[in-house]
Amino acid sequence: MSAQILDGKAIALELRESIRQTVEQKVAQGHRAPGLAVIMVGEDPASAVYVRNKKLACEKAGFLDVSEVLPETTTQEALLERIDELNTREDVHGIIVQLPVPDHIDPETIIERIAPHKDVDGFHPYNMGRLATRMPVLAPCTPHGVMTMLDKTGIPLRGLNAVVVGASNIVGVPMTLELLNARATVTVCHSATKDLAQKISEADLVVVGVGIPNMVKGEWIKDGAIVVDVGINRMDDGSLCGDVDYAGAKEKASWITPVPGGVGPMTIATLLQNTLQAAYPD
């Protein structure tokens, strides 16, 4: 068996074109274009790439881009004041603060300061709580993007045995909630989990997001399982790889996401989707 590829790049392009068309129609009807404010504190190289990609995606979708880079020395209080200003702007519908932030800034305090209806990353406790109670509004982008990808397989998730490897608030926890809401049976694995290989070998669906190159071995994958690799790691030779041994897993899975070109493009597309929803909630 050789797995079919879940092409996140192609799915994201399709979603972004649909968003662009919706924005075009709404603006023609006299509505404001969606406005997205992306704040980066400092000059972290990886964050700079993400912010540039988000800026480009905004422009192509017809959004108002309000991205800005603040100095590394920006105080937490100054950042909170900037968020307060954006919370009150009628032309800004979505606000994200690019993580990580410098050590002198508490990310949880920053996330909670963003108005929940403008929290298009979906990290605010209000939005996480809505997802946990099966009433999602703005869901975390990466897990929700994964759900969009899984829908493309045509395989019902109801009743599947799913294993989520990683328990972060950004991926693992909201991914678990998304899958529970889809009526899958979910096991969450983390650094204290025993017999990880055994648990993965019994899974119909495996979602991995831990940031450890090739941690999940191909031989662990159940024949016919769906494999979603959220990880992206840069190796010493400059190449990129995921958290799953792609070559080995591809020979056993029915569907698999590549790295790069899998989950990554879906995160930005879903961020645009959330901003669109924030701009036009009705």
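**Exercise 1.** How much space lies in the largest pocket? Determine also which elements supply its lining.

*Solution.* The model is a predicted one. Step 1: the volume of the largest pocket is about 1500 Å³. Step 2: 47 residues line this pocket, and those closest to its centre are Tyr50, Ile232, Gly264, Thr267 and Ile268. Step 3: at least two lining residues come from each of H1, H2, helix H6 (141-151), strand S10 (233-234) and helix H10 (263-279). Step 4: H2 gives the most, with nine residues. Step 5: by class, the lining comprises 25 nonpolar, 13 polar and nine charged residues.

**Exercise 2.** Classify the relative orientation of H1 and H2, and describe their contact.

*Solution.* Step 1: the axes of helix H1 (residues 8-28) and helix H2 (residues 45-61) cross at roughly 50 degrees and come within 8 Å. Step 2: angles of 65 to 115 degrees count as roughly perpendicular and those under 35 as roughly parallel; H1 and H2 are therefore oblique to each other. Step 3: Arg16, Ile19, Arg20 and Val23 of H1 meet Ala57, Lys60 and Ala61 of H2. Step 4: these contact residues are four nonpolar, three charged and no polar.

**Exercise 3.** Which strands form the edges of the six-stranded open sheet?

*Solution.* Step 1: the strand order is S1-S12-S9-S8-S6-S7, with parallel pairing. Step 2: strand S1 (4-5) and strand S7 (185-189) each pair on one side only, which makes them the edge strands.

Terms used: Residues are numbered from 1 along each chain as its sequence is written. This is a predicted model: local features need pLDDT of at least 70, side-chain atom pairs count only at pLDDT 80 or more; totals for chains, interfaces and linings use all residues. Side-chain values use heavy atoms; hydrogens and water are left out. Axes are lines fitted to C-alpha atoms, for helices over the stretch in contact, and angles run from 0 to 180 degrees between N-to-C directions. Helices (H or I, at least four residues) and strands (E, at least two) are DSSP runs, numbered from the N terminus. Angles under 35 degrees count as roughly parallel, over 145 as roughly antiparallel, 65 to 115 as roughly perpendicular and the rest as oblique. Contact means heavy atoms within 4.5 Å. Ala, Val, Leu, Ile, Met, Phe, Trp, Tyr, Cys and Pro count as nonpolar, Asp, Glu, Lys and Arg as charged, and the others, Gly among them, as polar. Two strands pair if DSSP finds at least two bridges between them. On a 1 Å grid over the protein atoms alone, a cavity is a set of points where a 1.4 Å probe fits but cannot get out, and a pocket is an open set with protein on both sides within 12 Å along at least five of seven lines; lining residues have an atom within 4 Å of a point. Grid points are joined across faces, edges and corners, and a volume is the space filled by probe spheres set on the points.
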